[in-house]
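Grab a pencil and work through these exercises with the structure open beside you. Try each task on your own before you read its solution.

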Amino acid sequence: MSRRVVRQSKFRHVFGQAAKADQAYEDIRVSKVTWDSSFCAVNPKFLAIIVEAGGGGAFIVLPLVKTGRVDKNYPLVTGHTGPVLDIDWCPHNDNVIASASDDTTIMVWQIPDYTPMRNITEPVITLEGHSKRVGILSWHPTARNVLLSAGGDNVIIIWNVGTGEVLLSLDDMHPDIIHSVCWNSNGSLLATTCKDKTLRIIDPRKGQVVAERTRPHEGARPLRAVFTANGKLLSTGFSRMSERQLALWDPNNFEEPVALQEMDTSNGVLLPFYDADSSIVYLCGKGDSSIRYFEITDEPPFVHYLNTFSSKEPQRGMGFMPKRGLDVSKCEIARFYKLHERKCEPIVMTVPRKSDLFQDDLYPDTPGPEPALEADEWLSGQDAEPVLISLRDGYVPPKHRELRVTKRNILDVRPPPGPRRSQSASDAPLSQHTLETLLEEIKALREQVQAQEQRITALENMLCELVDGTD
């Protein structure tokens, strides 16, 4: 009689649990816009959620610690004239977030560490280049200030947020609406899915499609795709019978999937969230009330079903915390922020362990907040893997760092000498243009200092009034 051999894996018993009621964020009017983005973005400092807003688009940014009921007058981030469709935190600055809107613009915002007194209405920079609504945003994983946007005009634009310039525009690769875009681990390639039912791998700097697969899933509903840590691709889609599927692909051989999992029959598009450190993919469907998760390995059958976290309420969207924001003392390996109609509920995935010691096997070194490259270095052809940090002593987010935007003088028509690199003020030749830029920067800094001094004075006055009132 043959004995069934149980597969060895430290993630076989990943356990999902919703946070207690007092750890949720209540009374948030989550956006009702019909768009297949996650509507939520989270980092170790802040939670951002796209919300309902009259006469334009808005999202709310809450410090992670501000759980409980949110005041109905809590300041929003407003500025778009149409609904906000996607938001994404900068991986290299926890105070910087980008938003994309139906109004064709992208805005990049600096979020203060303190709670603002009124709505934030002035972005650090507005990026204008799309002719139709912008529905997808994604920051480059290793290069500073590099942001990708994809619009309803079927164009992908890669921006240098530090200067407001378009670095690259990929405008003849997609004949129809783009459904998803994902960078690989070092940001040298993109994986895109499109309404024409084609999965493409693109080298953005060469402007070439390096591999493509037509109809990776036979169904008519939208596809999604993400890169795995070793360069393979995971795609979600639908079979001809409307069964939802997860497929693993080797880009060197797009003929047949390495593995294919069929799940259930449902209309909700599956949003894949991939964790490179554990090689687990979590599938969250909009309108579903469950999260399925699978481990991806190098040996057959390659895709291993682990478990399903189920709850009663359907999800309107989902935020996924970067690894450096997790609580390593509780053996958390993932944390989701599930959007309901009027609240956001954290869901924690843990691997139960008896020991209180740091679990090296669960927490390999993970990408930290430091970029590996400057924007110009990446554009010139350099690649670098993410700068890794250890989570052994937990992660403490750095203090507020300002995003500085230095717009280049469009009247200065001199051609740039070869591939540009970042120059500090000390090693740049002091041309008239450089002097003007420096003077402008000094003036802007003085204005910021003046504004901060005025705010400090106002706060001191409020403090005095409160003290006088208690006497």
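## Exercise 1: A charged pair

Arg144 and Glu374 make a salt bridge, with their closest N and O atoms 3.0 Å apart (the term means a side-chain nitrogen of Lys or Arg within 4 Å of a carboxyl oxygen of Asp or Glu). Before we go on: this is a predicted model, where local features need pLDDT of at least 70 and side-chain atom pairs count only at pLDDT 80 or more, while totals for chains, interfaces and linings use all residues. Residues are numbered from 1 along each chain as its sequence is written, and side-chain values use heavy atoms, with hydrogens and water left out.

Task: find out where Arg144 and Glu374 sit in the chain, and whether Arg144 is buried or exposed, or something in between.

Solution, step by step:
- Start with the place of each partner. Arg144 is in the loop between strand S12 (134-139) and strand S13 (146-151), and Glu374 is in the loop between strand S31 (366-367) and helix H1 (375-379). Helices (H or I, at least four residues) and strands (E, at least two) are DSSP runs, numbered from the N terminus.
- Now check the spacing: the two residues are 230 residues apart, so the pair links distant parts of the chain.
- Finish with accessibility. Arg144 has 32% relative accessibility, so Arg144 counts as partly exposed (buried is under 20% relative accessible area, exposed over 50%, partly exposed in between, with a 1.4 Å probe and protein chains only). Glu374 is partly exposed too, at 22%.

## Exercise 2: Another pair

Task: which parts of the chain does the salt bridge between Arg292 and Asp264 tie together?

Solution, step by step:
- The closest N and O atoms of Arg292 and Asp264 are 2.8 Å apart.
- Arg292 belongs to strand S26 (residues 290-296) and Asp264 to strand S23 (residues 259-265), so the bridge ties together parts that are 28 residues apart in sequence.
- Arg292 is buried, at 15% relative accessibility, whereas Asp264 is partly exposed, at 23%.

## Exercise 3: A residue in a loop

Task: is Ser239 buried or exposed, and what is Ser239 in contact with?

Solution, step by step:
- Look for Ser239 in the loop between strand S21 (233-238) and strand S22 (243-249).
- The relative accessible area of Ser239 is 9%, so Ser239 is buried.
- Skipping neighbours within four places in sequence, Ser239 is in contact (heavy atoms within 4.5 Å) with Glu218, Gly219, Gln245 and Glu262.

## Exercise 4: An open sheet

Task: what is the strand order of the open sheet of 4 strands, and which are its edge strands?

Solution, step by step:
- Read off the order: S3-S4-S5-S7, with antiparallel pairing. Two strands pair if DSSP finds at least two bridges between them.
- The edges are strand S3 (40-42) and strand S7 (77-80), each pairing on one side only.
- From one strand to the next, the twist averages 20°.
- Zoom in on one pairing: S3 and strand S4 (residues 46-51) run antiparallel and are joined by 3 bridges. Val42 has Leu47 in S4 as its bridge partner.

Conventions. Axes fitted to C-alpha atoms, helices over the stretch in contact; angles between N-to-C directions.
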